[in-house]
Amino acid sequence: MSSIKFPYDISIPIDENMIVYKNKELKKPEIETLLNHDSDNMHESRFHIDAHTGTHIDFPLHAISNGKVASDYPLESFMGSCYLFDLSASIVEITDDVIKNYIEEHRVLIHEGDILLFKTRNSPLRDFDFNFPFITSS
């Protein structure tokens, strides 16, 4: 377990061959070249992308009718002290007990407003795992 105290980018690169939910072609990003240096003075691209692609935050509306959306949160709520929980061993269901046990075992002191990141076995994957880890409602 580590505490990250500096800017740290956890995003994965977006490209047309990236891993997507259930390997659905519909969810793969499309990158359209609008201008190129062969016929124009510059290069410009347009992305056609599902909001649920790559590294992202699932806001409550994703799973809860009338749930909150990104604009309901101040940007500052996504910045601050961050704790990385390495759960990559084999955990599928991330329950409140898993989190409590990890906190006790690693003697982590969590404060209200701290950001928790969960490294799972999915982190290094390049193919979709249909038995993917998830956080339970508990």
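**Close-up views of a predicted model**

View 1. The model is predicted, so local features require pLDDT of at least 70 and side-chain atom pairs pLDDT 80 or more, whereas totals for chains, interfaces and linings use all residues. Residues are numbered from 1 along each chain as its sequence is written, and side-chain values use heavy atoms, without hydrogens and water. D15 is partly exposed because its relative accessibility is 33% (buried is under 20% relative accessible area, exposed over 50%, partly exposed in between; 1.4 Å probe, protein chains only). Together with E16, E30 and E32, D15 forms a patch of negative charge on the surface. Patch members have over 30% relative accessible area and no salt bridge, with like charges joined within 9 Å and nonpolar side chains (Val, Leu, Ile, Met, Phe, Trp, Tyr) within 5 Å. Asp and Glu count as negative, Lys and Arg as positive, and His and the chain ends are not counted; charges are placed at CG of Asp, CD of Glu, NZ of Lys or CZ of Arg.

**View 2. Nonpolar surface patch.** I14, I31, F47 and I49 make a nonpolar surface patch of about 340 Å², with accessible areas from the Shrake-Rupley method (1.4 Å probe), only the protein chains shown counting as cover for residues. I49 sits in the loop between strand 3 (44-48) and strand 4 and, at 41% relative accessibility, counts as partly exposed.

**View 3. Salt bridge between K27 and D50.** K27 and D50 form a salt bridge (a side-chain nitrogen of Lys or Arg within 4 Å of a carboxyl oxygen of Asp or Glu), their closest N and O atoms being 2.9 Å apart. The pair links distant parts of the chain, 23 residues apart: K27 belongs to the loop between strand 1 and strand 2, D50 to the loop between strand 3 and strand 4. K27 is buried at 17% relative accessible area, whereas D50 is partly exposed at 28%.

**View 4. Largest nonpolar core.** Seven residues, Y83, F85, L87, I94, I99, Y102 and V108, make up the largest nonpolar core.

Notes. Core = buried A, V, L, I, M, F, W, Y, C linked by side-chain atoms within 4.5 Å. Helix = DSSP H or I, 4+ residues; strand = E, 2+ residues; numbered from the N terminus.
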